[in-house]
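Good morning, and thank you for making time for this item. Please have the sequence and the model open while I speak.

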Amino acid sequence: MRKVGVFVCHCGNNIAGAVEVERVTEALRSYPGVAYSIDYLYVCSDPGQDLIKEAIAERDLDGVVVAACSPVMHETTFRRTVAAAGLNPYLCEVANIREQCSWVHRDDIERATLKATQIIETIVEKVRHDEPLLPLAMSLVRRALIIGGGIAGLQAASDIAAAGYGVILVEREEGVGGRMAQLSGTYLNFDSTVDLLREKIEAVTRNPHVTVLTRAQVEELGGYLGDFKVKVRRQGNDEEYEVGAIVVATGYELYPQEWLSEYGGERYPDVIDGLEFERMLSPTGPTGGEIRCPSDGRVPQEVVFVQCAGSRDPERGVAYCSKICCMYTAKQAMMYKMQVPQGQAYIFYIDIRALGKGYEEFTQRGMEEHRVLYLRGKVSKVFPQDGKMMVWGADTLSGKGVEVAADLVVLATPMVPSAGAFELARKLRVATDKHGFFSEAHPKLRPVESLTPGVYLAGACQAPKDIPEAVAQGSAAAAKVLSLFSQEKITHDPIVAVVDSELCAGCGICVEVCPYEAREIHPLTKIAVVKEVLCQGCGACLVACPNKASQLRNFTPTQVMAMIGALV
Amino acid sequence: MRYLYFPGCTLSTKAKGFAASGEASARALGIDLVELSQWNCCGATFPLATDNLLALVAPTRILLNAQKEGNHLVALCSICYHVLKRTNRLLREETDKREKLNLFIEEEYRGEVRVFHLLELLREEIGFEELSERVQKRLQGLRVAPYYGCLLLRPFQEIGLDDPEEPRILDDLLASLGCEVVEFSHKTECCGSYLAMNSSEVTRELSYAILHSALASGAQAVVTSCPLCHFNLDYRQGEMAAHYPGFTQIPVLYFTQLLGLALGIESETFGLADHHVDPRPLLASKGLK
């Protein structure tokens, strides 16, 4: 019979405030199979973990239950602890008496205490039937796929290649460089983006470890972390690649102007968006860098820039702040004033978000040195009148309406995910948020990982970002890829489904329900088999299997029945 | 096709021509507008305060009466449509407010009736292409400015009739009748609405800006779907002529009047003689009467 140790955590006052932990500990002491039971202020602390290690050694425990917070928080911690004491980590389980008990029953200590005891008893039953498991070994292809050849993708590619690993860079357009190649210059110092990019592009394309595929798109993705199979369609042909990790860097496009009908973009030639103005400012653009009204080619004497044109506006556009517009609009207005010194630049803004090193000083320079006129308020409407574009707005500082007869109107429309990002996300099995941006695994602590193992995120595909942020994220994603590639071997959690071949009738229902494509019917034996590295242990097949042939390791029917038995 | 119809107060008094031309046109198109057997004033404003439920009792009663006789309700007046459509949505979606209102009227109504504007019915049940084929007398050479105002389209999330900033429905209707439709900047600006009651100066200014923009676009007439817009735009033109030197008067018509003329209906009941700015010389010049 297994000797289980129970460690009840106070979590300061988080648990002990609603659960009488001493009573719980005492009650468990006499529960069948429990050889040892103790409570402690913070079991996750170093002394708390030492308590577990010592008990395993001294009392010869072969099963551990930590009654504490959600297993999402510290299951890994405690499994590592028992492993350090020489016990198989899968013989350690966490009983959640915080999120599912003390936090929700603050008003009833008596019942909370009883409930905590029962939760722990069920987990003791589980541990008594747990089997020691070994992690599954997986193959690791030390080559990365990067989707998108903008600045974020280029940065990730150059970092990974510099470490000596192979990179396949897939770019949809004719050439790499992405949106940055379309810009006129950077803010802060008006550097030429073309010059900045040239270096980066050369570093990537000249590196023998990098294969750049242009006019190419990812068609299909199979496999898993360490061993992805990618089908790339390039100029009409399909090519197959094997890679161990993927960096998504598909970038952004601008919110369609025609969806903001009050501003008349796409309807009136002299209403353009920020990227169109960048092309106009760029020496490689259609006007050779000359600022001209698209309607008749005249030099605009009055230019109105509209910030938050569709952003921070849940009714007409998107609710979020597009983050880069305050800065690039300031830059554009300054570049206009440098080219047309007698002209007037107006910027309508809600507030100026200059959050970065040197950013605030830069916008101040626009106001003070270049005499850009900032008007705090929104523009309500733009329409043609007597050959000019009439701009109606509000100046909320003076409380008055403002009318400007402008020659050119530039809309700072928000960044949105680039076309096809959603379809790509589905192929990669990566989640997107409600705006279509790729979702990071954790908003604070895992910003460059997706929840799909082996798929990392860089640049504006995840949220609006400027160049330095996209570069930082490209490097961060590369660091994640490199830390994966530098491992000797990689393993997979062994809590996966197994099929009892005696019971399986080969009906194939489990193949249908598996969301991870981890199931197939074996061509010869005609019974279901599990592709263990793909299995995420979700349990869908267990429920679906009419014969109970599908089981999940350490979640067997015996265990579940014993857990129920502890309750009723 | 039989549809329940809510004329509302103004169409029964000041805007009889709007009602008569709308009803006759609908009939000519096979839409039988059957007046609700019992109705009251809709209240003419949707309350701005979110807890002013008392103001919603009147429109709730209209909708409840409609439910007893059918499942659709058609309005012609923009304001009636606005109030009924928004009240209906609130009764359908906001459970707590619905419960209170139902307690108040001592009957159960859950927002099941579908509220239409006649324009919507023309677009969805007839279709403007089909309508164009049914036109007896094309309004060739008549340059019109379609004026939407505020309440027909806003708030979009609740009304959902058309894009509130760049609407097409009235443009498309008038084009299907053969009119030349001008683009003008002020087609969704406010005419001053109820400010007509306490500040004729403000309404005059706002309405003048609309007419000015229509005139500048070369329009010969402004077309509306709202009796209050009509009042502000049409009736105030006498004052405008006194205030703004060089102002040219311009007829303001209901869309149903042009629809009726295009369908070849006898226009005697259309109230064309009741306008402040007489539209008949313009219509006559295009061979219409």
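How many residues of chain A are in contact with residues of chain B? Four residues of chain A touch four residues of chain B, where contact requires that the C-beta atoms of two residues, placed from the backbone, lie within 7 Å. On the chain A side of that contact there are one nonpolar, two polar and one charged residue. In this classification Ala, Val, Leu, Ile, Met, Phe, Trp, Tyr, Cys and Pro are nonpolar, Asp, Glu, Lys and Arg are charged, and the others, Gly among them, are polar.

Before going further, a word on the basis of these values. This is a predicted model, in which local features need pLDDT of at least 70 and side-chain atom pairs count only at pLDDT 80 or more, while totals for chains, interfaces and linings use all residues. Residues are numbered from 1 along each chain as its sequence is written, and chains are lettered from A and ligands numbered from 1 in the order in which they are written.

I turn to chain B. Its domain assignment gives domain 1, residues 2–118, and domain 2, residues 137–285; such bounds come from an automatic or database domain assignment. The centres of these two domains of chain B, taken over C-alpha atoms, are separated by 24 Å. Between them, 23 residues of domain 1 of chain B are in contact with 23 residues of domain 2 of chain B. On the domain 1 side, helix H1 (9–12), helix H2 (16–28) and H4 of chain B each supply at least two residues. H2(B) gives the most to that side, with nine residues. By class, the domain 1 side holds 10 nonpolar, eight polar and five charged residues. Helices here are DSSP runs of H or I with at least four residues, strands are runs of E with at least two, and both are numbered from the N terminus.

Next, the sheet of chain B. Four strands form an open sheet in the order S2-S1-S3-S4, with parallel pairing; two strands pair if DSSP finds at least two bridges between them. At the edges are strand S2 (32–35) and strand S4 (114–117) of chain B, each pairing on one side only. From one strand to the next the twist averages 40°. Strand S1 (residues 2–6) of chain B is joined to S2(B) by four bridges, and the two run parallel. Within that pair, Tyr3(B) stands opposite Leu33(B) in S2(B).

What lies across S1, S3 and S4 of chain B? Helix H4(B) does, running at about 160° to S4(B). Angles run from 0 to 180 degrees between N-to-C directions, and axes are lines fitted to C-alpha atoms, for helices over the stretch in contact.

H4(B), residues 78–93, also meets helix H3 (residues 57–69) of chain B: their axes come within 9 Å and cross at roughly 85°. H3(B) is therefore roughly perpendicular to H4(B), on a scale where angles under 35 degrees count as roughly parallel, over 145 as roughly antiparallel, 65 to 115 as roughly perpendicular and the rest as oblique. Pro59(B), Thr60(B), Ile62(B) and Leu63(B) in H3(B) face a set in H4(B) that includes Val83(B), Leu84(B) and Leu91(B).

Now chain A. It is divided into domain 1 (4–129), domain 2 (143–251 + 418–485), domain 3 (255–412) and domain 4 (496–552). The C-alpha centres of domain 1 of chain A and domain 4 of chain A lie 33 Å apart.

Is Gly63(A) buried or exposed? Gly63(A), in strand S3 (residues 63–68) of chain A, is buried because 26 other C-beta atoms lie within 10 Å; the cut-off for buried is 20 or more within 10 Å, for exposed 12 or fewer, and partly exposed lies in between, with C-beta atoms placed from the backbone. Beyond its neighbours within four places in sequence, Gly63(A) is in contact with residues including Arg2(A), Leu91(A) and Asp130(A).

Lastly, three strands of chain A form an open antiparallel sheet in the order S9-S10-S11. Eight bridges join S9(A) to S10(A), and Val218(A) has Val232(A) as its bridge partner in S10(A). These two strands form a hairpin with two residues between them, and Gly226(A) in the turn has a positive phi of about 90°. Seven bridges join strand S10 (residues 227–234) of chain A to S11(A), where Lys231(A) stands opposite Glu240(A).
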